Amino acid sequence: MITLTEQAAFKVKEMLKETENPEKQYLRVGVQHGGCSGFSYLMGFDEEKTAKDLELEQHGVRVLIDDESQRLIKGTVVDYKESLMGGGFQIDNPNASLTCGCGSSFRTAVDEGKPDTNC
């Protein structure tokens, strides 16, 4: 479904150590309407798994993807890069036909989403 690189998993594990219950946390990866291009990526920690979630394990990190997001991020690679300007997660989504300059908003060839009017 998606790939979490070793470097991204290492960073997620570091971040998990700072949460209240790291052993109960999942990394939730998903998509919501918005952003300049129509969809925005979501990444965060969640203790609640629902019946509509797909659960994966990548490099020791438990990942949840909701049912609606799966078709939009299938084949996506999540990486973490450090540079002189800082670090951050990078998302390479093969389904994205258009992305915005910030890299956190996209649309696909078959679904435009609902772009923010403020962009």
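Strands S6 and S7 pair in the antiparallel sense, over seven bridges. The model described here is predicted.

**The three-stranded sheet**

- S6 and S7 belong to an open sheet of three strands, arranged in the order S1-S6-S7 and mixed in its pairing.
- S1 and S7 (86-92) each have a single partner strand and stand at the edges, so one side of each has no neighbour in the sheet.
- On average, and with direction ignored, neighbouring strands of this sheet are turned by 20° against each other.
- In general, the strands of a sheet pair through backbone hydrogen bonds, in either a parallel or an antiparallel arrangement.

**Helix H1 and the sheet**

- H1 lies across S1, S6 and S7.
- The helix runs at about 75° to S6.

**The largest nonpolar core**

- This core contains 20 residues, of which Ile2, Leu4, Val31, Val61, Val63 and Ile73 touch the most other members.
- Two or more residues come from each of strand S1 (2-4), helix H1 (6-16), strand S2 (26-34), strand S3 (38-46), strand S5 (61-66), helix H2 (67-73) and strand S6 (76-83).
- The element giving the most to this core is H1, with four residues.
- Nonpolar side chains in soluble globular proteins tend to be buried together.
- Val63 is in contact with Ile2, Leu4, Leu27, Val29, Leu54, Glu55 and Leu56, when its neighbours within four places in sequence are left aside.
- Ile2 and Leu4, both contacts of Val63, are also among the core residues that touch the most other members.

- Ser37 is located in the loop between S2 and S3.
- With residues up to four places away in sequence not counted, Ser37 touches Leu98, Thr99, Cys100, Ser105, Phe106, Arg107, Glu112 and Pro115.
- Ser69 is part of helix H2.

Key:
Residues are numbered from 1 along each chain as its sequence is written. This is a predicted model: local features need pLDDT of at least 70, side-chain atom pairs count only at pLDDT 80 or more; totals for chains, interfaces and linings use all residues. Side-chain values use heavy atoms; hydrogens and water are left out. A nonpolar core is a set of buried Ala, Val, Leu, Ile, Met, Phe, Trp, Tyr and Cys residues joined through side-chain atoms within 4.5 Å. Buried means under 20% relative accessible area, exposed over 50%, partly exposed in between (1.4 Å probe, protein chains only). Contact means heavy atoms within 4.5 Å. Two strands pair if DSSP finds at least two bridges between them. Axes are lines fitted to C-alpha atoms, for helices over the stretch in contact, and angles run from 0 to 180 degrees between N-to-C directions.
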